[in-house]
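Please open the structure in your viewer and keep the sequence beside it. The tour below moves from one selection to the next and says what is found at each stop.

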Amino acid sequence: FTDLNKKPYIVNENISGLMDHLNKQDFVRIHKSFVVNRDKISSYDVHHFYIESQALPIGISYRPQIHLLLQSWN
């Protein structure tokens, strides 16, 4: 897990395994390398979610899931 204001942690588990431990209402996988807390997202565009000024890519294979998520926010 990485807090943008702190040092990152190295975890010996794959992201799919970590997702099993996270609340699906609060966290969403947006890329093969990124999971984000929905409450921390400050903005988004077609290709990125932003947490403050940090741009996180949205993976192509995750875009349909993200599209459904964005529709539920509107």
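Begin by selecting Ile51, which counts as buried because its relative accessibility is 15%, where buried means under 20% relative accessible area, exposed means over 50% and partly exposed lies in between, with a 1.4 Å probe and protein chains only. Before going further, note that this is a predicted model, in which local features need pLDDT of at least 70 and side-chain atom pairs count only at pLDDT 80 or more, while totals for chains, interfaces and linings use all residues. Residues are numbered from 1 along each chain as its sequence is written, and side-chain values use heavy atoms, with hydrogens and water left out.

Ile51 has its place in strand β4, and helices (H or I, at least four residues) and strands (E, at least two) are here DSSP runs, numbered from the N terminus.

Next, show the open sheet of three strands to which β4 belongs, with the order β3-β4-β5 and antiparallel pairing; two strands pair if DSSP finds at least two bridges between them. Its edge strands, each pairing on one side only, are β3 (43–44) and β5 (54–57). Between β3 and β4 (residues 48–51) there are two bridges in the antiparallel sense, and Ser43 can be picked out opposite Tyr50 in β4. On to β5, which runs antiparallel to β4 and is joined to it by four bridges, with His48 standing opposite Pro57 in β5. The hairpin that β4 and β5 form has two residues between the strands, and Glu52 in the turn has a positive phi of about 55 degrees.

Now move to β1 and β2 (residues 34–37), which pair in the antiparallel sense over four bridges. Here His31 stands opposite Phe34 in β2, and a hairpin of two residues joins β1 to β2.

Finally, which residues make up the largest nonpolar core? Select Val28, Ile30, Val36, Ile41, Phe49, Ile51, Leu56, Ile58, Tyr62, Ile66, Leu69 and Leu70, 12 residues in all; such a core is a set of buried Ala, Val, Leu, Ile, Met, Phe, Trp, Tyr and Cys residues joined through side-chain atoms within 4.5 Å. Two or more of these residues come from each of β1 (27–31), β4 and α2 (63–73), and α2 gives the most, with three residues.
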